[in-house]
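Q: Can you walk me through this model? I'd like to start with the overall picture and then go into some local detail.

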Amino acid sequence: MFDFRRAGALIAATTTTAVVLTATPFVSAAEADQVTIDVANITDFHGRLKANLTKDKETGALTPKSTDEMGAANVAGIMNYLRGQNPNTIVTSSGDNQGGSAFVSFISDDKYTMDFINAIGTDGSAVGNHEFDKGYKDLIDRIVPGTNDKQLGANIFVDGKQTVKPYTIVEKDGVKVALVGTTSNLTPEKSSPANVAGIDFKDSAEQVNVEAKKIKDNGEADMVIALIHDPADTSSPKLDPKYVDFVFGGDDHIKRLDLNAAVPFAQSYEYGKVVTDVTFTYDKAEKKVVKVDAKQIDATQLADLGITPDPEVEKIVAEAEKISQERGQKVIATIDADFKRGSNPGDKPGTNRGTESTANNMLAQSAVAALSAFLDTKIDFGVMNAGGVRDDLSKGDVTYEQAATVQPFGNNIAVATLSGAAIKEALENQWRTAEAEAKSGRPRLDMGLSDNVSYTYNPNAERGNRILDIKINGESVDPKKDYTVAASTFLLDGGDGLINKDEVRDRNDVGYNDLQAFVDYLQTGNAKVREGQKDVGVVLPEGGLKAGEKNTIELTSLSYSSDGEAKASTVDVKLGGATGSATVNNDVTDADKGLGEQGRAKVEIEIPADASGAQTLEITTNAGTKVTLPVTVAAAPTPTPTPEPTPTPEPTPAQDPKPTPTPEPTPTNTTTTTSPAPTTAKGSSSSSDGSSSNGSSNAPLAVIIAGMVALLSVLAVFLAGPIDSILGPIAKIS
């Protein structure tokens with residue numbers, strides 16, 4: 001290829017005519033020194049042998065999407081196409097070719113996936129964490145030879161030695177390309193402890209640097225391509241660009257491509273959805289890569305590129321399907337009860353994803369039980385989404401095929417940390433937003449819960465405020481406390497809008513396929529129908545419970561929805577020493593579609609006056625349900641005491657006045673006499689209205705004046721004689 005940078009220097013020193021004359025031999029010389037090498041890559045294939053391409057629902061015509069699984073035969077067809085474009089094509093994988101596989105591969109221990117890896121001419125494959133799913137010995141004794149010794153694991157050390165080939169060198173047109181492979185730094189955490197015992201895992205990127213420096217310093221290779229089973233974007237910055245030319249990442253199932261990084265990188269998504277093709281131009285004279293181009297091919301480009309499925313790989317896939325169908329009839333367990341999905345009124349199981357079901361709860365229990373055993377650790381609880389349960393499971397023998405039909409999506413079961421507040425949020429999200437309901441036609445999506453979890457809710461409350469109390473192992477969930485949960489990667493990624501993925505912490509995806517986990521759980525013989533309901537709707541009286549009164553409590557969701565599942569007929573309520581009971585009404589109407597309120601009752605309970613404050617409301621049914629709810633009971637009102645009447649004092653009897661004796665008149669020398677006014681005894685006088693009053697300071701003024709006049713009258717009688725004796729002679733003189 002013509003190098004414009006080198007030609008630019010020539011232009012600066014020559015005439016235009018000279019450039020025309022010398023350009024052709026100059027370019028020919030440059031191109032003679034350059035080799036174009038393509039490196040094709042897949043990652044995290046996980047046994048997705050069968051194509052899963054989108055089709056038009058009406059016509060059945062293929063309408064592929066960029067996220068479709070292309071299938072092994074189409075991936076092989078792409079490799080054939082790339083080799084046709086450039087014979088100097090190297091085929092690679094960044095790991096997890098197998099393990100956590102689709103049923104078609106899983107059932108045969110991924111034999112046909114290994115056949116596919118060989119058929120596409122893989123030159124080198126990093127050891128993924130899933131290659132340890134059956135242990136280190138299985139990796140060494142079966143997988144390494146089964147993939148023609150193409151497994152690369154530079155950071156895997158046992159007793160100080162690298163026991164898996166660290167790198168391989170592929171020569172194309174005189175250019176030697178080293179492929180250095182490493183397993184994930186998270187392999188110890190993602191594997192059963194027994195499967196990786198005694199292995200020392202070095203840091204993946206740092207070990208690539210060690211190998212790359214040794215390779216180039218020793219002149220073993222001209223280029224170094226890293227195949228790391230860790231995310232490419234976090235591995236690239238740790239790599240030394242002096243020694244590493246490019247890195248293909250994996251593990252976290254994300255498509256990436258960045259050609260401008262110091263060490264350019266790419267990641268080929270997952271499940272055979274993408275083939276990354278990177279074109280390197282290597283200049284032999286300059287001894288370096290001078291140009292890098294890349295493209296990522298997905299299902300939408302198959303037709304345009306004229307990709308045809310590889311016939312040999314088609315035969316491999318057909319054989320795998322035949323074997324899976326045969327082995328799918330193998331009995332893996334026997335169960336003693338039916339496990340059914342939810343039903344809409346008058347309809348069959350599976351028509352209602354909004355109601356509690358025995359199948360959904362059992363798969364949640366399966367997740368926590370199987371993963372706890374796999375990791376040999378205690379996980380607090382398990383969850384499952386109703387939409388992930390695709391069939392019922394009938395009492396009796398269970399085959400592989402039946403198990404795969406129930407749990408068909410091939411997700412992994414992972415463990416993560418959620419706060420109590422995040423758990424409540426996830427349960428609140430079971431009731432859909434108006435927008436989500438309009439799109440799906442489903443007002444609610446039920447979340448299955450392991451046997452040790454229950455909760456109460458108010459069906460009449462607004463969305464986001466329905467959950468009243470959640471119990472794990474009989475203890476109320478603390479919003480500020482952390483809990484570990486076993487769940488599918490679908491749910492932890494925010495699937496169905498239940499768990500808020502931003503609240504998920506300490507996620508550990510150990511590569512435990514959900515079907516494998518389900519099979520392992522069934523084989524323990526512990527698969528039982530949960531006793532009673534996990535959730536009960538509770539509507540308390542308006543204003544809350546009150547002591548000293550009769551209270552009516554409305555209850556819902558006391559029964560399962562499908563025929564043959566437990567339905568309660570009676571419910572009992574207890575609070576302190578008070579009890580109440582009622583008959584359960586299991587009638588349903590069209591209004592119950594998509595919801596889970598079947599099994600209703602109204603219970604009256606008379607709460608004693610002394611049972612106020614913090615109390616526990618206990619609800620039990622004859623179908624095995626037992627839930628409790630902490631409540632606060634308002635105190636009975638204190639009666640207002642009736643005041644004692646004030647006694648009326650007895651009236652004091654009035655005393656009869658004693659008559660004042662009229663004094664005898666003193667004889668005088670005059671004939672004029674004054675008659676005294678009548679008085680009452682002790683200074684009392686008669687009032688004008690005939691009532692009497694005493695001479696106290698409160699007596700009316702008129703009474704006082706009258707008393708004074710009477711007194712003067714009396715004095716006039718007594719003093720008449722003396723006055724006359726004095727004034728008489730004076731009168732005579734005058």
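A: One definition before the surface figure: accessible areas come from the Shrake-Rupley method with a 1.4 Å probe. On that basis the chain exposes about 35,400 Å², and carbon and sulfur atoms supply 51% of it. Keep in mind that this is a predicted model.

Q: How many of the 734 residues count as buried, as a percentage?
A: The buried share is 49% of the 734 residues.

Q: And how many helices and strands are there?
A: The chain has 18 helices and 34 strands.

Q: What about contacts between residues at least 6 apart in sequence, how many of those join residues at least 24 apart?
A: That figure is 71% of such contacts in the chain.

Q: OK, sheets. What is the strand order in the six-stranded open one?
A: The order is S23-S22-S21-S26-S27-S30, with mixed pairing. Strand S23 (475-476) and strand S30 (601-607) are the edges; each has a single partner strand, so one side of each has no neighbour in the sheet.

Q: Which way do S21 and S26 run relative to each other, parallel or antiparallel?
A: Parallel. Strand S21 covers residues 453-457 and strand S26 covers 535-539, and three bridges join them. In one of the bridges, Thr456 has Val536 of S26 as its partner.

Q: Which helix lies across S21 and S22?
A: Helix H14, residues 420-428. H14 runs at about 120° to S22, which is residues 467-472.

Q: Which residues of H14 are buried?
A: Gly420, Ala422, Ile423, Ala426, Leu427 and Glu428.

Q: What covers them?
A: The cover includes S21 and S22, along with strand S17 (381-385), strand S19 (412-419), strand S20 (447-449) and strand S24 (482-488).

Q: Switching to aromatics. How many aromatic pairs does the structure hold?
A: There are 10. In one of them, the ring centres of Phe103 and Phe106 are 6.3 Å apart and the planes meet at 45°, so this pair is tilted.

Q: Where do those two sit?
A: Both Phe103 and Phe106 are in helix H4 (residues 103-106), three residues apart, which is about one turn of the helix. Phe103 is buried at 18% relative accessible area, and Phe106 is buried at 12%. Ring pairs also bring in Tyr400, giving a cluster of Phe103, Phe106 and Tyr400.

Q: What about charges over rings, which residue lies over the face of Tyr271?
A: Arg48, at 3.9 Å from the ring centre. There is also Lys111 over the face of Tyr112, at 4.6 Å from the ring centre.

Q: Backbone next. What is the phi of Asp96?
A: About 55°, a positive value although Asp96 is not a glycine. For context, most residues other than glycine have a negative phi.

Q: Where is Asp96, and is it buried or exposed?
A: Asp96 is in the loop between strand S2 (89-93) and H4. With a relative accessible area of 1%, Asp96 is buried.

Q: And His253, what phi does it have?
A: His253 has a positive phi of about 60°, and is not a glycine either. The residue lies in the loop between strand S11 (246-249) and strand S12 (255-258). His253 has a relative accessible area of 19%; the cut-off for buried is under 20%, so His253 counts as buried.

Q: Let's look at Phe265. Where is it?
A: Phe265 is in strand S13, residues 265-268. Its relative accessible area is 9%, so Phe265 is buried.

Q: What does Phe265 contact, leaving aside neighbours within four places in sequence?
A: Ala232, Asp233, Ser236, Phe246, Val247, Arg256, Leu257 and Asp258. Asp233 is 32 residues away along the chain, and the C-alpha atoms of Phe265 and Asp233 are separated by 7.2 Å.

Q: Last one, Ser372: which helix is it in?
A: Ser372 is in helix H12, residues 358-375. Ser372 counts as buried at 15% relative accessibility. Leaving aside neighbours within four places in sequence, Ser372 is in contact with Thr377, Lys378 and Ile379.

Conventions:
Residues numbered from 1 in each chain as written. Predicted model: local features only at pLDDT ≥ 70, side-chain atom pairs only at ≥ 80, totals over all residues. Heavy atoms only, no water. Pairing = 2+ DSSP bridges. Helix = DSSP H or I, 4+ residues; strand = E, 2+ residues; numbered from the N terminus. Contact = heavy atoms within 4.5 Å. Axes fitted to C-alpha atoms, helices over the stretch in contact; angles between N-to-C directions. Buried < 20%, exposed > 50% of the residue type's maximum accessible area, 1.4 Å probe, protein only. Phe/Tyr/Trp six-rings, centres within 6.5 Å; stacked < 30°, edge-to-face > 60°. Lys NZ or Arg CZ within 6 Å of the ring centre and 35° of its normal.
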